[in-house]
Amino acid sequence: MFRSFTRSVTLGLAALGAMTTAAAHAEDAKAVRDAQGLWAYTLLKAGRSGEEMPLTGIILYKDGLFAQQSIFNGEPFETKGAMAHAGTFGPGPRGIHMVAEQTIGIDPAKQPALSFRKDTQHDISVTRDGTELTLVFGSGTIQKFRQIGPADGEIYKLEQGVLALVDGHFVLVSGDEKGVVTGYGKAIKQGDGYTLEIIRWSEATPDKAVNRKDGTIKASFDGKTFTLADGRSFKVVSKG
């Protein structure tokens with residue numbers, strides 16, 4: 001009888017464990033679904049200091065790839081810092097696990113102007129309320145967003161970053177420690193090319209950084225290489 005009772009308890013605990021695991025997996029999958037979309041920043045609050053840091057930028061989650069780009073608000077605009085990230089994401093212990101293959105910091109007022117790291121890991125919790133999204137990082141940093149769109153379109157993994165053409169917008173994050181190009185804005189299709197209407201754009205080498213918040217750039221794209229009018233090109237490795 002004792003053996004039968006012990007066996008029943010063991011089976012019951014195993015079933016409970018399986019149910020708990022399944023529920024956790026379902027919650028993780030929900031976090032991934034909730035994050036999917038193109039989002040504009042409404043708040044960045046630093047975890048340690050609690051300081052709010054006004055900025056203009058976006059984050060995009062789509063098909064296992066993500067890209068983030070922003071420039072801090074203020075004047076003179078040309079001296080303001082920028083940040084960008086690109087990489088992969090999926091279910092994680094807090095909701096979503098992100099691997100930023102490019103972690104980029106740009107500061108035109110400093111030398112070197114470019115900070116670059118590879119393969120930084122982030123575990124974040126995700127809360128979505130309609131068209132509002134809140135991300136909380138392990139450091140306590142809170143980021144809030146409003147939805148621009150559901151990320152209809154295509155996202156591409158580049159040799160050194162991510163390119164997306166979604167919801168009538170472009171997002172580009174590419175580079176390494178030698179130089180980076182980051183930006184987002186409206187993308188207007190014209191024949192085999194695009195007119196990129198810049199909302200925020202920041203590019204840098206260790207020696208120099210340039211910020212832009214308006215203007216247009218012509219680009220062409222054949223599905224394999226995204227080429228700017230000045231000849232700079234970004235090769236596609238795979239489609240998301």
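Start by selecting K62, which sits in strand β2 (residues 55–62); strands here are DSSP runs of E with at least two residues, numbered from the N terminus. This is a predicted model, where local features need pLDDT of at least 70, side-chain atom pairs count only at pLDDT 80 or more, and totals for chains, interfaces and linings use all residues. Residues are numbered from 1 along each chain as its sequence is written, and side-chain values use heavy atoms, with hydrogens and water left out.

K62 counts as buried because its relative accessible area is 8%, the cut-off being under 20% (1.4 Å probe, protein chains only). Now show its contacts (heavy atoms within 4.5 Å): beyond neighbours within four places in sequence, K62 meets Q36, F89, A151, G153, E154, I155 and V166.

Next, go to A219 in strand β16 (residues 216–221). A219 is also buried, at 8% relative accessibility. Not counting residues up to four places away in sequence, A219 touches G193, Y194, L196, F226, T227 and L228.

Finally, turn to the largest pocket by selecting M83, H85, T103, R117 and H122, the closest to its centre among 25 lining residues. Which strand gives the most to this lining? Colour β5 to see: six residues come from there. Strands β3 (65–72), β4 (82–92), β5 (95–106), β6 (114–117) and β7 (120–129) each supply at least two lining residues.

Key: Helices (H or I, at least four residues) and strands (E, at least two) are DSSP runs, numbered from the N terminus. Buried means under 20% relative accessible area, exposed over 50%, partly exposed in between (1.4 Å probe, protein chains only). On a 1 Å grid over the protein atoms alone, a cavity is a set of points where a 1.4 Å probe fits but cannot get out, and a pocket is an open set with protein on both sides within 12 Å along at least five of seven lines; lining residues have an atom within 4 Å of a point.
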